Amino acid sequence: MTQAIAYYRVSTARQGRSGLGIEAQRTAVLRFAEAEGINLVGERTEIETGKGADALERRPELAAAFAQARKAKCPVLVAKLDRLSRDVHFISGLMSHRVPFIVAELGADADPFMLHLYAALAEKERTLISARTRAALAVKKAQGVKLGNPRNMPEAAAKGREAQRSGADRFAANVLPVIQSIKAAGATSFDAIAKALNARGIRTARGGGWHSTTVRNLIARNRQVC
């Protein structure tokens, strides 16, 4: 049976754009692996909290997935291509590592040419969205709409705090399904859950390791949101 390393990724900054949370990605990957006779010998989970995600050194779990796959001489398996990147150059860079990767959405027979093509289309889509946004802002500015108010610093600060809280809430919502699956497997204490999260390679919102207090705080935050 063919082996593979599963890789899952969500971004708190762009939550919902792909329609695939961690558990949904895991379900898609497991379904694909079962249909294709692939044995998953490891999995890595990346939860991004900032920009610059298309640099491999800022994606430690992806780098770890490739290192693990290289050692096991097997491919990396993802649910969708954009879970790796929407950037053609980044995808090409991954290919240069000579570790094959399989995109469940595209099928096991998608060759490097097809992957380049789909990556180029995704990158073009991102560019068009950015261009349309800039054009819309330019039209509003031409119409006399003020797009910012630098004198209203208290309001801007309040919006910044609200954005920070929203980001923390989204991060908690991303991690909670993973915690639920860990609890279902028998690890119910905060300390046991923290150890399981660290073993899965999941980082905290600040990029560090999990402890019983960070697990407790995250679960408490999710209860407050709900």
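Which residues are exposed on the other side of H6? They are Lys195 and Ala199, and we will come back to them once the rest of the chain is in view.

First, some ground rules. This is a predicted model, in which local features need pLDDT of at least 70 and side-chain atom pairs count only at pLDDT 80 or more, while totals for chains, interfaces and linings use all residues. Residues are numbered from 1 along each chain as its sequence is written, and side-chain values use heavy atoms, with hydrogens and water left out.

Let us start with the overall plan. The chain has 7 helices and 4 strands; here helices (H or I, at least four residues) and strands (E, at least two) are DSSP runs numbered from the N terminus. Along the sequence they follow the pattern β-α-β-α-β-α-β-α-α-α-α. Of the 226 residues in the chain, 37% are buried, where buried means under 20% relative accessible area, exposed means over 50%, and partly exposed lies in between (1.4 Å probe, protein chains only). Contact means heavy atoms within 4.5 Å. Among the contacts in the chain with a separation of 6 or more, 69% are made by residues 24 or more positions apart.

Now for the sheet. It is an open sheet of 4 strands in the order S2-S1-S3-S4, with parallel pairing; two strands count as paired if DSSP finds at least two bridges between them. Strand S2 (38-48) and strand S4 (101-103) form the edges, each pairing on one side only. From one strand to the next, the twist averages 25°. Strands of a sheet pair through backbone hydrogen bonds, either parallel or antiparallel.

The bridge partner of Ala6 in S3 is Leu77. Because 8 of the 10 residues of S1 are buried, S1 is largely enclosed by the rest of the structure. Helix H1 (residues 22-36) lies across S1, S2, S3 and S4, running at about 160° to S2; axes are lines fitted to C-alpha atoms, for helices over the stretch in contact, and angles run from 0 to 180 degrees between N-to-C directions.

A nonpolar core here is a set of buried Ala, Val, Leu, Ile, Met, Phe, Trp, Tyr and Cys residues joined through side-chain atoms within 4.5 Å. The largest one has 20 residues, and those with the most contacts inside it are Tyr7, Leu62, Phe66, Val76, Leu84, Leu94 and Phe101. S1, helix H2 (60-72), S3, helix H3 (88-96) and S4 each give two or more residues to this core, and H2 provides the largest share, 4 residues. Apart from this core lies another, of 19 residues, among them Ile47, Val178, Ile193 and Leu197.

Arg98 follows H3, with a positive phi near 60°.

That brings us back to H6 (residues 190-199), where Ile193, Ala194, Ala196 and Leu197 are buried. Seen down the axis of H6, these buried residues fall within an arc of 165°, so they line one face of the helix. Lys195 and Ala199, on the other side of H6, are exposed. Just after H6, Gly201 takes a positive phi of about 80°.

One more backbone detail is worth a look. Lys73 sits in the loop between H2 and S3 and has a positive phi of about 55°, although Lys73 is not a glycine. Lys73 is also exposed, with a relative accessible area of 78%.

Definitions and conventions:
Arc of directions from axis to C-beta.
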